[in-house]
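Work through the exercises below with the model open. Each task is followed by a stepwise solution.

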Amino acid sequence: MPWITGKENEESSLRQNYIEKSYGCSPPKALFHALLPGSLTVEAALALPIFLFAMIMILFLFRMMQVQYLVGNSLDRAAAEASLFGGLSQKEAENLAKAMFYKELAVQKCPVSGIELGAAGFSWNSGKGDSDFIDLSVSYRMRFPLNFFGRRSLSFSNSCRMHRWTGNQDGAENREGKEWVYLTPTQNVYHIRRDCSHLKITIQSVTANGTIQKKYQPCGHCVRKKKPGAMVYITSEGDCYHMKIDCSGLKRTVYMVLKEQVKTKRACARCGGK
Ligand SMILES: [Zn+2]
Ligand SMILES: [Zn+2]
């Protein structure tokens, strides 16, 4: 008997006894094979496909994430590049961005083979029609490598919205050719030239003697109630002395405004008279 030539265990000999008892003689050959201990093989035959299915799906998940990232990245780059072009209508800018998107996909080596219909599988959704923005919205489907409970593919979409390089056009035409002037919060004159010497601040370092302390006030920022050191800083126009060279009181704020807005101030004697 070939099936007991190997390691015979108690169970199989018992089974043989039972079979021989119930049949009265040796059982038919086919029954022998059916009763061979094959439980591990059946288990493996069931579990291995499930395990492989799960592994393929997990690997596919990473592929989906990769494609989605690359598509989103290509959209961003394409929109950023297209938004720099001036003088284009909104439609032209969007078409340019779409063309750049396909170029970016190739540059970034996006695996479009995973997408249904490949690179032709991207369908563009219509934008919001805002001329200041480039709106790109793309949807596509990715095929599952296996039939996933009756589903063959999964739908994805990416979108990107970027402001076009149009600048701030509010009343810009009206402002062209108008005169701009410079002024500081403390002076009651305006300056035609930004490099007027009156807009510059001249800092001098002087020894802190009694005359300085009588003529100038201690700076509220850097001196306060501290005793000044050997040297203090003063400006030709200011009325404070400072202990620190980087004190905010030693800096000057300059505003650039339209000349018509400063009717209450007069022109600087040095630069305004021309
Ligand atoms: Zn001036
Ligand atoms: Zn100060």
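**Exercise 1.** Find the geometry of the site of the zinc ion (ligand 2), and say why it gets that label.

Solution. Start with the angles: the four donor atoms subtend 98 to 120° around the zinc ion (ligand 2), so the arrangement is tetrahedral. For four donors, that label requires all angles to lie between 85 and 135 degrees. Next, name the donors: Cys219 (SG), Cys222 (SG), His242 (ND1) and Cys247 (SG), at 2.0 to 2.3 Å. A donor is an N, O or S atom within 2.8 Å of the metal (3.2 Å for Na, K and Ca). Then read the spacing along the chain: C-x2-C-x19-H-x4-C. Last, check burial: His242 and Cys247 are both buried, meaning under 20% relative accessible area with a 1.4 Å probe, protein chains only.

A note on the basis. This is a predicted model, where local features need pLDDT of at least 70, side-chain atom pairs count only at pLDDT 80 or more, and totals for chains, interfaces and linings use all residues. Residues are numbered from 1 along each chain as its sequence is written, chains are lettered from A and ligands numbered from 1 in the order in which they are written, and side-chain values use heavy atoms, leaving out hydrogens and water.

**Exercise 2.** Identify the protein donors of the zinc ion (ligand 1), then locate His191 and Cys271 in the chain.

Solution. The spacing reads H-x4-C-x71-C-x2-C. His191 sits in the loop between β5 (189-190) and β6 (203-207), and Cys271 in the segment after β11 (266-267), so the pair ties together parts 80 residues apart in sequence. Strands here are DSSP runs (E, at least two residues), as are helices (H or I, at least four), numbered from the N terminus. His191 is buried, at 0% relative accessible area. Cys271 is buried too, at 7%.

**Exercise 3.** Give the strand order of the open three-stranded sheet.

Solution. The order is β1-β2-β3, with antiparallel pairing. Pairing takes at least two DSSP bridges between two strands. The edges are β1 (123-124) and β3 (151-163), each pairing on one side only. Strand β2 (residues 133-148) joins β3 over 12 bridges. Arg143 stands opposite Ser153 in β3.

Notes:
Four donors count as tetrahedral if all angles lie between 85 and 135 degrees; four count as square planar and six as octahedral if opposite donors are over 155 degrees apart and all others between 65 and 115; anything else is irregular. Buried means under 20% relative accessible area, exposed over 50%, partly exposed in between (1.4 Å probe, protein chains only).
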